[in-house]
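Biologist: I have a fold on my screen and want to learn how to read it. Can you take me through it, one feature at a time?

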Amino acid sequence: MPRINYRTKQRDFLLDFAKSTVGKHFTVEDVKAYCESKNICMGTATIYRSLEKMIQDHIINRYYLDEKTGACFEYVGEEDGSTSNHFHLKCESCGKLIHLECHDLEIIKSHLLKNHGFYLDSFKTIFYGICKECQNNE
């Protein structure tokens, strides 16, 4: 039985917000602040439910950066695959999550699939290290 995709005003509002964040990550707190700035009344439970549904529909991804901070989310596009394929860098000093589009990593991804039969999901791959700003501050 096909799944019916209900479109509510809240879902459409959150989808518009998510699309406005392409190339960035956002949190539930960011969504709440955006709602307040637009005078939209949307409860935290509704935001979480809507985000969960968008995760299930492969419209956004959820990332847990560490045990101390909550999840962050990233718009990855709808059925048209409208966002670019990229990897993530996580600074272990300041906690920043950085998008990285790198041809050399695409070569590694291709190598893993061809030579090892392993598909690397670049949207979920996070490389840990120290960002340039934190290196310069040390």
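**Reading the sheet and the helices**

Modeller: Start with one pair. Leu89 stands opposite Ile98 in β4. Keep in mind that this is a predicted model.

Biologist: In which sense do β3 and β4 pair, and over how many bridges?

Modeller: The sense is antiparallel, and 4 bridges link β3 with β4. These two strands form a hairpin with 5 residues between them. Look at Gly95 in that hairpin: its phi is positive, near 85°.

Biologist: What order do the strands of the sheet take?

Modeller: Read across the sheet, strand by strand. The order is β4-β3-β5, in an open sheet of 3 strands with mixed pairing. At the edges are β4 (97–100) and β5 (126–129), each of which pairs on one side only. On average, neighbouring strands here are turned by 30° against each other, direction ignored.

Biologist: How do β3 and β5 run, and how many bridges join them?

Modeller: They run parallel, with 4 bridges between β5 and β3, residues 87–91. Take Cys91 as a case: its bridge partner in β5 is Gly129.

Biologist: How many residues of β3 are buried?

Modeller: Burial is judged by relative accessible area, with the cut-off at under 20%. In β3, 4 of the 5 residues are buried, so by that cut-off the strand is mostly covered. Lys90 lies in this strand.

Biologist: Is Lys90 buried or exposed?

Modeller: Buried. Its relative accessible area is 7%, and the cut-off is under 20%, so Lys90 counts as buried. Lys90 and Ile130 are 40 residues apart along the chain, yet their C-alpha atoms are separated by 7.5 Å.

Biologist: Let us turn to the helices. At what angle do α1 and α3 pack?

Modeller: Helix α1 covers residues 9–19 and helix α3 covers residues 44–56; their angle is about 70°, and their axes are 10 Å apart. That angle makes α1 roughly perpendicular to α3, because 65 to 115 degrees counts as such. The crossing is right-handed.

Biologist: Which residues make the contact between α1 and α3?

Modeller: From α1 come Gln10, Arg11, Leu14, Leu15 and Ala18. From α3 come Thr46, Ile47, Ser50, Lys53 and Met54. Sort them by class, and the contact of α1 with α3 has 5 nonpolar, 3 polar and 2 charged residues.

Biologist: How do α1 and α2 cross?

Modeller: Helix α2 is residues 28–37; its axis and that of α1 come within 11 Å and cross at roughly 110°. Therefore α1 and α2 are roughly perpendicular to each other. This crossing is right-handed.

Biologist: Which residues meet there?

Modeller: Phe13, Leu14 and Phe17 of α1 meet Asp30, Val31, Tyr34 and Cys35 of α2. The class count for α1 with α2 is 6 nonpolar, no polar and 1 charged.

Biologist: Now step back. How many helices and strands does the chain have?

Modeller: The chain has 5 helices and 5 strands. From the N terminus, the elements run α-α-α-β-β-β-β-α-β-α. Of the 138 residues, 34% are buried.

Biologist: What share of the contacts comes from residues 24 or more positions apart?

Modeller: Count the contacts with a separation of 6 or more: residues 24 or more positions apart account for 55% of them.

Methods:
Residues numbered from 1 in each chain as written. Predicted model: local features only at pLDDT ≥ 70, side-chain atom pairs only at ≥ 80, totals over all residues. Heavy atoms only, no water. Axes fitted to C-alpha atoms, helices over the stretch in contact; angles between N-to-C directions. Parallel < 35°, antiparallel > 145°, perpendicular 65-115°, else oblique. Left-handed = near helix turned anticlockwise from the far one by under 90°. Contact = heavy atoms within 4.5 Å. Nonpolar A, V, L, I, M, F, W, Y, C, P; charged D, E, K, R; others polar. Pairing = 2+ DSSP bridges. Buried < 20%, exposed > 50% of the residue type's maximum accessible area, 1.4 Å probe, protein only.
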